[in-house]
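I opened this notebook to record what I looked up in one protein structure. The entries run from the whole chain to single residues.

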Amino acid sequence: MEAPSGRRTTRRLRAGSFVLLATVCSLLFAAPAYAEPGEGETSTAPVETPTTDAPTPDPTTDAPTQAPATTEAPPPPPPTTAAPPPPPPAVHRFKMTVSTVSLGDAYWQGDGSGELVIAIKNTGENIGKDTVTGFYALPSGAQATGAYGTGGCAVAPAALSFSCSLPEQGLGQVVVKVDVDAGAWKTIGLGQVAAAIGPYQRIAPISFAFTTPPTPGIELNTSAPELPAAATPQDESVQLAVRLRNTGAARAPGAVEIVTPPGVDLVTFPSACRSHRRIGADRDRCELGDIGPGKEISAVFGMAVSAAARAELPLTGAVHGYLAPAGLNVVETRYDYEITAPPLAGADAPLPTSAPPSPAAQRTFETDFSLSRQSNDDGGQLSSLPIVGGLVGLVAIIVGLVVLSVRRRMRDDARDGDELGADEVEDVVLVPAQSGGPTGPSAALTRSPIPRSLTLPRLPDGPTAGSGFRDREQPAREGDD
């Protein structure tokens, strides 16, 4: 009976082992029977109630341990997308300087040609490149005969207009050829240059300056007004001294007319003026009364210079002088003056107003040759190869002649040495017999008293003694040994 009871015990142990193994596997690999609690919620895991059929696990067996749940880090905050800073605003601006049309002494001999230079500098910001357009107007008595531009400026002479495409801080110049009529110096006024970039505009006057005309019977000159230094442009006053002299032989009433530049007004008149009146917006006349022969009258006029004109210095004006002798024509002369001042503190350097050379005059041999190569026209330009080849050939000819001459000289020297060695003959220089001396053959054969070292060697025969052009077939002349 013990055998069956032992088998049953074995079977129960096997069944218990199987149940224990199944329980362990279910704990290890089975999914959790509850959901993880959400954020901010709590939950208690269900507790398994052991069944009565399952055997009690061995207390010595290690129970499976569950890893603690990891707390997830909160997501990073979304990046703040700040708007990029706006680009700096574009500033359209330029600086313009207009030169004075100066007429030299050649004007009084009939040459009224002069030059007007318009200099433009792009002083804008954040624009890269900008275009300035403008035009110029000349006064009556002056005509434009031609124009050209440099540094990005182009001109339309027929329309008296120009345009300059300039980068930031770029400088361009427009040169206008001007011809002034012979009698225009008496009445010529001011011209004008206007330029703009959109709403930004600049206007500048065109002044004409003449040397004193060679007029007999009258003499005129003025002072050179100069304003004091200033930090910023401001309204100022200045004085102009005028001196009129009668260099003729008769008494004559005199007068002067003051022509002021733009922004300058004549505000005070001297007591020397018997009367004065305004002739135009920029011209005032002062009557000085009679001036005797060889006499002069001086007058000082007060001028007011505006701040806008102060910023545009130097400014050019003129004074016209008149003498009216009785029974004779009125004598007129002119003297130009210039109002100057030290530059303002921190002011930019003035733009250059000297006329640059014309682009057509700047063409060189290299540029012409490259243009010819581009147009496949090599026949119209001179090449330097024939000149170089001719020089090389000339040098080669000179070197060849020198070498040939040296070789012939060496050959002649060698031949002379051979003849002297063979014959050892020296030419004897005979001295004519002295009167009353011995006569006869013995006297004719007397050796020259010249020392042997000074006797001349025998030269070969030929058309020229010592030359190597002797014909070797030519028979020896009589007397040659």
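**Entry 1: overall make-up.** I noted that the model is predicted. I counted the secondary structure and found five helices and 20 strands. Of the 481 residues, 27% are buried. I then looked up contacts with a separation of 6 or more, and residues 24 or more positions apart account for 73% of them. The protein exposes about 31,800 Å², and carbon and sulfur atoms supply 58% of that area.

**Entry 2: nonpolar cores.** I asked which residues touch the most other members of the largest nonpolar core. They are Met96, Ile118, Ile120, Phe162, Val180 and Phe208, in a core of 31 residues. Strand S8 (residues 171-180) gives the most to this core, with four residues. A second, separate core has 29 residues, including Ile218, Leu266, Cys286 and Tyr337. I returned to Met96 and listed its contacts, leaving aside residues up to four places away in sequence; among them are Ile118, Ile120, Val193, Ile203 and Leu351.

**Entry 3: Asp284.** I located Asp284 in strand S17 (residues 283-291). Is Asp284 buried or exposed? Its relative accessible area is 5%, so I recorded Asp284 as buried, the cut-off being under 20%. The side chain of Asp284 is joined to that of Arg278 by a polar contact of 2.6 Å. Beyond residues up to four places away in sequence, Asp284 touches Arg278 and others, including Val256, Ile258, Leu266 and Phe269.

**Entry 4: salt bridges.** I searched the whole structure and found 13 salt bridges. In one of them, Glu219 pairs with Arg243, with the closest N and O atoms 3.2 Å apart. Glu219 belongs to strand S12 (residues 218-222) and Arg243 to strand S13 (residues 236-246), so this pair ties together parts 24 residues apart in sequence. Glu219 is partly exposed, at 33% relative accessibility.

Arg243 also forms a salt bridge with Glu296, whose closest N and O atoms are 2.5 Å apart. I recorded Glu296 as partly exposed, with a relative accessible area of 36%.

Glu296 meets Arg245 as well, in a salt bridge of 3.3 Å, N to O. Arg245 lies in strand S13 and is 51 residues apart from Glu296. At 27% relative accessibility, Arg245 is partly exposed.

Finally, I noted a network of salt bridges that links Glu257, Arg277, Arg283, Arg285 and Glu287.

Conventions
Residues are numbered from 1 along each chain as its sequence is written. This is a predicted model: local features need pLDDT of at least 70, side-chain atom pairs count only at pLDDT 80 or more; totals for chains, interfaces and linings use all residues. Side-chain values use heavy atoms; hydrogens and water are left out. Helices (H or I, at least four residues) and strands (E, at least two) are DSSP runs, numbered from the N terminus. Buried means under 20% relative accessible area, exposed over 50%, partly exposed in between (1.4 Å probe, protein chains only). Contact means heavy atoms within 4.5 Å. Accessible areas come from the Shrake-Rupley method with a 1.4 Å probe; for residues, only the protein chains shown count as cover. A nonpolar core is a set of buried Ala, Val, Leu, Ile, Met, Phe, Trp, Tyr and Cys residues joined through side-chain atoms within 4.5 Å. A polar contact is a pair of N or O atoms within 3.5 Å; within protein, one must be able to donate a hydrogen and the other to accept it, and residues adjacent in sequence count only if both atoms are side-chain atoms. A salt bridge is a side-chain nitrogen of Lys or Arg within 4 Å of a carboxyl oxygen of Asp or Glu.
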